[in-house]
Amino acid sequence: MSEVLRLEGIRKSYGVTPVLRGIDLTVNRHEVIAVIGASGSGKSTLLRTINLLETIDDGQIWLADAAGTLEDISDPRAKADAIRARIGFVFQHLNLFPHLSVLDNVTISTRHVQRIRRQVAEARGLELLDRVGLADKAREFPDRLSGGQQQRVAIARAIATDPELLLLDEITSALDPQLVGEVLDLVRQLKSEGTTIVMATHEMAFARDVADHVVFLDNGVVGEQGPPTEIFTAPRTSRAREFLGRFLA
Amino acid sequence: MSDETAWQPSSIELGRRAVRRSRGMRSILIGLGSTLLFAAIVWITVVNTPGWSAVQKAFFDPETFVESIPLVAKGFLLNLRVLGYSVVSVAILGMLLAFLRTLRGPVFFPLRALATGYTDLFRGTPLIIVLYLVGFGIPALQGRTGSVIPAEILGTIAITLTYSAYVSEVLRAGIESVHPSQRLAARSLGLSHAQSMRIVLIPQAIRRVTPALMNDFVSMQKDVGLISVLGAVDAVRAAQIIKAQSFNFTPYVVAGLLFVLLAIPTIRFTDWYTARLRAREQAGSIV
């Protein structure tokens, strides 16, 4: 299995508050990693640092290029914009661009970052929308869609450039319960298609079913990690047992 | 669909429609009546003031009105030209200034500082002073050798200097009012700062500040009348010339009417345009 992402000793503080205190993590191709932990444990910050939306205070982030060679993307000389186009990111809060149609949202990175011709980009965008089951909404504006549909468009937008890695930051937390299912089904579908995913999530049942590897973040460090069968049935640390208490019972 | 064609409104719904119709009729009649009453009161009050006949003769003389139309209208074309040039140059310079002020990082400090200083200076200086400085300062720079720069160019420069400062502030406020998550989302897709601005933030910003921008535009439509201080024969200057010959102020009323006629379509268009954008992006509601 080839490595897609490797984190070594990632540290990040906001002012004097440490958020990440030395995170090591390896993600292999086609793997789905679930990052779990209490609110404020650093899950979102971790994903944002990987996508270079936050600068880190220490450590290194390695991302595989097309040939599979790891490149240090935490180097300030790395081309951040080009790297972000190689990593898909879906946010917790729906943030499609409200002034652009669904199709324009989905094709923005292929057209403006990869500079693919409009017709080609739109044909591919329609294919993508078809994959997420929203081909008939291509000309609609985001505000006319339900929360679940918007989040599926956001996922389509994030994978439009065929990124090596997809980061999902609690993508169902802002949705009504009856809309969560359709978004999680889409993530399952992406996994079956071989997408490499790192997702921060509060959906424990979903993490248990879908993740290949679960990372429990506790106070800015990896408290425990392992296959879901272990973490969700017999956590070794007392902190993980405490956090998963309600779910385990 | 067959249900839809077979459907006939119930008697309850028909009753409700009748009530709405009669209420609608009644409000129109009340509105019409009160407007007429108000107009009549104002008219009677003004007409019965002691100086009315003198004022009427000096400001609303029909003969002078008709006579002054050709010259004032010809001058007004100059105002329109200056307005046309200024709209383009203000849009470009205002956008550039707003963009400069959004740049981050120490490298851009000089540009940011320059843009900030510029907006402070020209928002603080009265337009008429800028007009004098540009209108008489720039030609003086040429010494005695240069050719004559037309007043419409000098006027355009002065109006651009002042209005781009206002417009850039409106645009900047618009850009800053777009939620930061939109910028993050744009950057996460790999768009550069400039692309995020151009494709994501500025279009949303402009929509939000369209009413404010149009307000500046209407204000600019009137202020192009100030170029008369540069000696160009625009609508105001033409009116002044006729007044000097006829000792009647009616030409000013003609010029004023032309400026109002110019402004009204802009104002109506803005209202219509913003309503349309809102309707397209949001599922509507009646309240």
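Analyst: Let's go with α4(A), where A:Ala121, A:Gly125, A:Leu128 and A:Leu129 are buried. Buried here means 20 or more other C-beta atoms within 10 Å of the residue's own, exposed means 12 or fewer, and partly exposed is in between, with C-beta atoms placed from the backbone. Looking down the axis of α4(A), the buried residues fall within an arc of 95 degrees, so they line one face of the helix; the arc is that of the directions from the helix axis to the C-beta atoms. An α-helix has 3.6 residues a turn, so residues three or four places apart point the same way.

Bear in mind that this is a predicted model, so local features need pLDDT of at least 70 and side-chain atom pairs count only at pLDDT 80 or more, while totals for chains, interfaces and linings use all residues. Residues are numbered from 1 along each chain as its sequence is written, and chains are lettered from A and ligands numbered from 1 in the order in which they are written.

Back to the helix. On the face of α4(A) turned away from the buried side sit the exposed residues A:Gln119 and A:Val120. The helix covers residues 118–131, and at 1.5 Å a residue its 14 residues should span 20 Å; the end C-alpha atoms of α4(A) are 20 Å apart, which agrees. That expected span is 1.5 Å times one less than the number of residues. After α4(A) comes A:Gly133, with a positive phi near 75 degrees.

So what lies over the buried side? The cover of the buried residues of α4(A) includes α3 and α5 (147–158) of chain A. Take α3(A): 10 of its 11 residues are buried, so to speak mostly covered. Among them are A:Val102, A:Asp104, A:Asn105 and A:His112. The buried residues of α3(A) pack against α2, α4 and α5 of chain A, together with α9 (193–223) of chain B.

That brings us to the other chain. The contact between the chains takes 21 residues from chain A and 20 residues from chain B, two residues being in contact if their C-beta atoms, placed from the backbone, lie within 7 Å. On the chain A side, the elements giving two or more residues are α2 (80–85) and α3 (102–112), and α2(A) gives the most, with four residues.

Zooming out, chain A has nine helices and 10 strands, counted as DSSP runs numbered from the N terminus (helices H or I, at least four residues; strands E, at least two). Of its 249 residues, 47% count as buried. A compact globule with 249 residues would have a radius of gyration near 18 Å, and chain A has 18 Å, which agrees; the radius is taken over C-alpha atoms, and the globule rule is 2.2 Å times the number of residues to the power 0.38.

Chain B has 11 helices and zero strands. The radius of gyration of chain B is 26 Å, well over the 19 Å that the globule rule gives for 287 residues, so chain B is more spread out than a compact globule. Its C-alpha atoms fill a box of roughly 85 × 70 × 30 Å along the principal axes, and buried residues make up 30% of the 287. Chain B is divided into domain 1 (2–39) and domain 2 (71–279), with bounds from an automatic or database domain assignment; the C-alpha centres of the two lie 45 Å apart.
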